[in-house]
Amino acid sequence: MKARVLSGIQPTGSPHIGNYLGALKNWAKIQYDYDSIYCIVDLHAVTAYQEPDELRGKIEELAGMLLAIGIDPKHSALIVQSSIPCHAELAWMLTCVTPVGWLERMTQYKAKSLAQETIGDGVLQYPVLMAADILLYQAAVVPVGDDQSQHMELARDIAQRFNSLYGDTFVMPATHLPTVGARVMGLDDPTKKMSKSASGTGHAISLLDKPEDIRRKIMRATTDSQPSVDFGNLSPGVANLIEIASAFEEWAPARAQTEFHGLRYGDMKKRVAEIAVSRLEPIQEEYRRIVAEKGYVNQVLEKSAEHVMPIAQDTVRKAKEAMGLYTPL
Ligand code: ATP
Ligand code: MG
């Protein structure tokens, strides 16, 4: 039997090249080696207010995009989190074994709570729900970007605590990070990770950006006052652009140096832009083809939900039995 992979993405904003290079590209690649479940985590999205009609649209749009980047419904399940009630059910059980202190230490929670006067409980609970997504399917491997490493540690801690309190119930999940592209930074500010929820037109390259927009954003990306690429002294903005090109092309570090060392920034950016445009074009074409097929995306989501439901129900039942909760025959 193949080991199971699980990962998720929020239907917030537009998926960008950070999502793609840090996570989605890996999802498509490893789906043939594992029993794979990929999840659109809409319950996570509503930890921040989402305009309801917009959210509904984004879920279907994102499902189409995941199929376009190569998630193959013959090999992977593509599900929407809220269509499987077991996610929320298990999250409650895990909440009850999680010390608040563990959650308050999460850097994403700290950053978000500092930025607002009051903060929703969902933002604090976010990583518990993420642990539930993973443990629900007994996933062994979780391909994510580096920003999720801390949440993955927490998911393991929660699993361990549950297992030691109530007996072996959950598989311990391992984090799977890409070697290049694990943390793509904002083009406008290379000290901040590229995010769907960040504002600013020059921040992220969306997977559906037009070629001229991709070129413009890369040509305007923040670099430094040096004239040309010096691998002995790469500033964060330059390193980020080179990382983006390397991740798209899957170059070894030595190859990136041969390609870019000594190039003037303008020429380096032109080259990076052409790489991004040429790699995104086939994805965009496939996306247009998929969404033109009426009903196809929803059909994949429904079939996938049917396929994973028994796995989820089995784990919830095990967890309930372990805790002594009521489990009618
Ligand atoms: P949001 O701002 O709404 O949180 P996001 O861009 O962080 O959006 P998520 O849906 O939270 O996207 O994450 C989806 C996947 O993409 C996760 O595996 C995450 O680790 C990865 N990811 C997100 N941003 C980056 C990035 N800048 N570089 C590499 N991977 C990333
Ligand atoms: Mg995020």
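A polar contact, as the term is used in these legends, is a pair of N or O atoms within 3.5 Å, where within protein one atom must be able to donate a hydrogen and the other to accept it. Every view below is taken from a predicted model.

**View 1. Polar contacts and salt bridges between domain 1 and domain 2**. Across the interface of the two domains, three residue pairs are in polar contact, both residues of each pair being at pLDDT 80 or more. The count of salt bridges between domain 1 and domain 2 is two. Glu250 and Lys29 form a salt bridge in which the closest N and O atoms are 3.0 Å apart. On the side of domain 1 that touches domain 2, the elements giving two or more residues are helix H1 (17-30), helix H3 (52-68) and helix H13 (296-323). The residues of this side of domain 1 divide into nine nonpolar, one polar and three charged.

**View 2. The two domains and the area they bury**. The domain assignment gives domain 1 as residues 4-177 + 294-323 and domain 2 as residues 211-290, and the centres of domain 1 and domain 2, taken over C-alpha atoms, are separated by 30 Å. Domain 1 gives 13 residues to the contact, while domain 2 gives nine residues. Between them the two domains bury about 1000 Å², with 76% of that area on carbon and sulfur atoms. Of the area that domain 1 buries against domain 2, Ile17, Leu21 and Ala68 supply 43%, which is more than any other three residues.

View 3. An N or O atom in the side chain of Lys193 is 2.7 Å from an oxygen atom of ligand 1, and a polar side-chain atom of His16 lies 2.8 Å from an oxygen atom of the ligand. Gln10 approaches through its backbone, with an N or O atom that lies 2.9 Å from an oxygen atom of ligand 1.

**View 4. A salt bridge between Arg279 and Glu249**. The salt bridges of the model come to a count of 17, and one of them joins Arg279 to Glu249, with the closest N and O atoms 2.7 Å apart. Because Arg279 lies in helix H12 (residues 265-292) and Glu249 in helix H10 (residues 236-249), the pair ties together parts that are 30 residues apart in sequence.

Note on methods: Residues numbered from 1 in each chain as written. Chains lettered and ligands numbered in written order. Predicted model: local features only at pLDDT ≥ 70, side-chain atom pairs only at ≥ 80, totals over all residues. Heavy atoms only, no water. Domains from an automatic or database assignment. Contact = heavy atoms within 4.5 Å. Buried area = accessible area lost by both parts, 1.4 Å probe. Salt bridge = Lys/Arg side-chain N within 4 Å of Asp/Glu carboxyl O. Helix = DSSP H or I, 4+ residues; strand = E, 2+ residues; numbered from the N terminus. Nonpolar A, V, L, I, M, F, W, Y, C, P; charged D, E, K, R; others polar.
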